[in-house]
Amino acid sequence: MAFFLETLLGGLMAGMLYSLVALGFVLIYKASGVFNFAQGAMVLFAALAMARFAEWLPQITGLSHPVLVNLIAFVLAGGVMFIVAWLIERLVLRRLVNQEGTTLLMATLGIAYFLEGLGQSIFGNDIYKIDIGMPKDPVMAFENVFPGGLLINQEDLIAALIAALLVALLSVFFQKTGTGRALRAVADDHQAAQSIGIPLNRIWVIVWCVAGVVALVAGMIWGSKLGVQFSLATVALRALPVVILGGLTSVPGAIIGGLIIGVGEKLSEVFLGPYVGGGIEIWFAYVLALLFLLVRPQGLFGEKIIDRV
Amino acid sequence: MFYRENGQFKTSYQADQQIFPIAQDRVFVVLLLLVAFAGVPFFASDYMFRAILIPFVIMAMAALGVNILVGYCGQISLGSGAFMAVGAYGAYNFFARVPDMPLLPALLLGGLCATAFGILFGLPSLRVRGLYLAVATLAAQFFADWMFLRVKWFTLDTPSGSVSVSNLQIFGFPLDSDVSKYLFCLSLLVVIALLAKNLVRGAIGREWMAIRDMDVAAAVIGIRPMYAKLSAFAVSSFIIGVAGALWAFIYLGSWEPGAFSVDQSFRLLFMVIIGGLGSIMGGFLGAAFIIVLPIFLNQFLPMLAGLAGVEISTTVVSHTELMIFGALIVWFLIVEPHGLAKLWAIGKQKMRVWPFPY
């Protein structure tokens, strides 16, 4: 029982991390109808920027306080992501208005290649560390409930907490601020939003920025877990089933989808994996998402797809 | 001036129904085939064959298959790499396990394996579509990646997981020189392209296009969506499977599951979108573009840097290559979202009405 719960908890925490990446997809898809394949590249780019800024800052300015250095590096990387978002809107999206979904998808793939190349030529292509001072040691919990207690990875716990905090912030931003309301209006109907005077272009920049910051947080957490390296870009592929499971247009869907996928992956790997040779995590997530789709083609929380001729 | 159909009168129904109704098109195709079969083998160097021509021919075939599914039937698929892998490993298993298996039937049987796999993973298309389907087809990709890595039966229990073929021959002729490999792939490509061209202009092709344009409307006028979608998956994955088998047997020789990763799927999708969705010609143009561009950049960048007097390392070259590749794709999509085939069509139309374009 304790082992099962441990696996379950591990899955939930991994799921939170997936949701973090998935959130980026959902934000952009909601506001601009673009399925952003570059999200993974953005995570890599942001993490690279942050890791290198944190490394360069002490060398240049002589700062040595780790919290301060990380904070400044985070802000600088956020600034870089803002520039990236602005350039993407300016140079790509604005020129591809009214194109089909596939064309936009391909364009974001192009952006992904570009960002991967750019990030590695500016910031280098080694493995870098992001050290935001997360405790690495696992702790025991509920020792009096279960024999032996539950082994919980503190790092995962903190990461999950950060993710939850970010989600809460985003929902406040979307529900309570004027900009958030404008974003939701654009997501509902581009033309109607434009006709009441919401500037589409600015909204797109904002949304890509927010997605950039989400990517930065995701990159920071994943980067401090795994090290910042090229493989970080493939995290996006792990998050895709989460997005379609939860529904492309739903923020809560991304969270709950992430939790389902995280738990499903871990449980399948532990309890099913040994029978078929292991390593089934990746495709199991997709098959799980596929099974959900067969019942609900729009995902769990997606808007209902209505067919009209 | 030279390209117009004035004065070419059709006197029989057959003449009106032929593949290339305009005489200039027929001449052009015959000339092209002549050059490809008889001209190129004399001029091309070994490097040309190995780096450009053979990959181009095989990838054009795969792009043709992807185009049938994505361009004609409108079902976005990111699992093309998996279909290639199934074709390659299917053909390999038939080739290695069955004694005295000739090459051609092995390749076709590999294609049939891919067909079965394609129909299986095409089933979700009956329920989901669009971007959801695109992501769903990634399931096929990751499942195939895992299957050929972990299930040792498919790789004949080789410890490294890498398999190889040797001693290829077709009707008694050994396929050992680059020219013979090129000619073999080219002949298969011509046959399959002819087949595909005829399929898409026949009844089934029209059903696919109707499904692509509006599947509910198509169902209303009596097209069975299940039959149309699954047949598109079947035909497309057969062609992709044969291409995958050729890629493995002829181009790679020995390969690992990594050869058919998700990158390959993306590359194939790039080919059909840059080439032009819903056009046989587009597959060829797109394949040429995607194959030649990286090679060109690879050669051109160090030269350019040399001119500027800067010494650049190979990692910088590869990163710059990635950037230029991405930027060019975006640029292409902005300038001509309908692909190279559209440019080709515009060019032809301009020629038709020249010199009075109104």
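1. Among contacts in chain B between residues at least 6 apart in sequence, what percentage join residues at least 24 apart? The figure is 75%, where a contact is two residues with C-beta atoms, placed from the backbone, within 7 Å.

2. A word on the basis: this is a predicted model, in which local features need pLDDT of at least 70 and side-chain atom pairs count only at pLDDT 80 or more, while totals for chains, interfaces and linings use all residues. Residues are numbered from 1 along each chain as its sequence is written, and chains are lettered from A and ligands numbered from 1 in the order in which they are written.

3. Chain B has 14 helices and four strands, taken as DSSP runs numbered from the N terminus (helices H or I, at least four residues; strands E, at least two). Its C-alpha trace spans about 65 × 60 × 45 Å along the principal axes.

4. Now the partner surface. Chain B puts 38 residues into the contact and chain A puts in 39 residues. On the chain B side, the elements giving two or more residues are helices H6 (131-150), H9 (215-220), H11 (262-275) and H13 (314-335). H13(B) gives the most, with 13 residues.

5. By class, that side of chain B has 31 nonpolar, five polar and two charged residues. Here Ala, Val, Leu, Ile, Met, Phe, Trp, Tyr, Cys and Pro count as nonpolar, Asp, Glu, Lys and Arg as charged, and the others, Gly among them, as polar.

6. Over in chain A, just after H2(A), you will find A:Gly62 with a positive phi of about 80°.
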